[in-house]
Amino acid sequence: LCELNRKMMQKPDEADTVWWDTFASEFFDDDAQLHLHLCLEGIKTYRLGRSLIPRFFRSLFEGAVGVSSVHFSIPDADPSFPSEGGVRIESANANMITTTTSLVKIFAEGRLVVDFDEMSRIRLWDFTIRRHSEMIP
């Protein structure tokens, strides 16, 4: 996850579709799934297959808000080794920290489960967002 954060911080200003596809290929398995559960006003669940993962990350940066950076913090990461191989990282207090071009920081806090395959590529990204807050300068 540190490498994923680093790569997103080094994203070119004009990252195109090819850049995002390469990003996803580097970090996500060919059969990867990304699940996003928003528990803010009711529960909304989004499930994305591997083909939509590059578009998800690209949309974080190219939306109307003007995002300049996104990174993930997992302060209480708990690794385990499932019987099917790979590594599972779980964090009950993970944060997705988004900074806009106007320096507003948005903290989305929740539970993150990430399953890695034997090649350290992500098979499953499951983020349940419980709450969010904004820090306006």
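The buried residues of helix 3 pack against helix 1, helix 2, strand 1, strand 2 and strand 3, and that makes helix 3 a handy place to start. Before going on, a word on the model: this is a predicted one, where local features need pLDDT of at least 70 and side-chain atom pairs count only at pLDDT 80 or more, while totals for chains, interfaces and linings use all residues. Residues are numbered from 1 along each chain as its sequence is written, and side-chain values use heavy atoms, with hydrogens and water left out.

Helices (H or I, at least four residues) and strands (E, at least two) are DSSP runs, numbered from the N terminus. Buried means under 20% relative accessible area, exposed means over 50%, and partly exposed is what falls in between (1.4 Å probe, protein chains only). Contact means heavy atoms within 4.5 Å.

Back to helix 3, which spans residues 53-62. Its buried residues are Ile53, Pro54, Phe56, Phe57, Leu60 and Phe61. Look down the axis of helix 3 and these residues fall within an arc of 165°, so they line one face of the helix; the arc is taken from the directions from the helix axis to the C-beta atoms. As a reminder of the geometry behind such a pattern, an α-helix has 3.6 residues a turn, so residues three or four places apart point the same way.

Take Ile53, which sits in helix 3. Ile53 is buried, with a relative accessible area of 0%. Setting aside neighbours within four places in sequence, Ile53 is in contact with Ala24, Phe28, Ala32, Gln33 and Leu34. Thr100, on the other hand, is 47 residues from Ile53 along the chain, and their C-alpha atoms are separated by 21 Å.

Helix 1 (residues 2-9) has a face of its own to show: its buried residues are Leu4, Asn5 and Met8. Seen down the axis of helix 1, they fall within an arc of 100°, so they line one face. On the other side of helix 1, Cys2 and Met9 are exposed. The partners of the buried residues of helix 1 are helix 2 (17-27), strand 1 (28-38), helix 3, strand 3 (67-73) and strand 7 (122-135).

Now for the aromatics. The structure holds 12 aromatic pairs, where rings of Phe, Tyr and Trp (its six-membered ring) pair if their centres lie within 6.5 Å; planes under 30 degrees apart count as stacked, over 60 as edge-to-face and the rest as tilted. The rings of Phe28 and Phe57 have centres 5.8 Å apart and planes at 45°, so this pair is tilted. Phe28 belongs to strand 1 and Phe57 to helix 3, 29 residues apart, and the pair links these distant parts of the chain. Phe28 is buried at 0% relative accessible area, and Phe57 also counts as buried, at 0%. Phe57 pairs with Trp125 too: their ring centres are 6.4 Å apart and their planes at 80°, so that pair is edge-to-face. Because Phe57 lies in helix 3 and Trp125 in strand 7, the pair ties together parts that are 68 residues apart in sequence. Trp125 is buried as well. Ring pairs link a whole cluster, including Trp19, Phe23, Phe28, Phe57, Trp125 and Phe127.

What about open space? The largest pocket holds about 540 Å³. On a 1 Å grid over the protein atoms alone, a cavity is a set of points where a 1.4 Å probe fits but cannot get out, and a pocket is an open set with protein on both sides within 12 Å along at least five of seven lines; lining residues have an atom within 4 Å of a point. Grid points are joined across faces, edges and corners, and the volume is the space filled by probe spheres set on the points. The lining of the largest pocket has 23 residues, with Leu36, Leu60, Met96, Thr98 and Ile129 nearest its centre. Strand 1, strand 2 (44-49), helix 3, strand 3, strand 5 (87-100), strand 6 (105-116) and strand 7 each give two or more residues to that lining. By type, the lining divides into 18 nonpolar, 5 polar and no charged residues; Ala, Val, Leu, Ile, Met, Phe, Trp, Tyr, Cys and Pro count as nonpolar, Asp, Glu, Lys and Arg as charged, and the others, Gly among them, as polar.

Finally, a loop. Val65 is found between helix 3 and strand 3 and is exposed, at 56% relative accessible area. Beyond its neighbours within four places in sequence, Val65 is in contact with Thr100 and Thr101.
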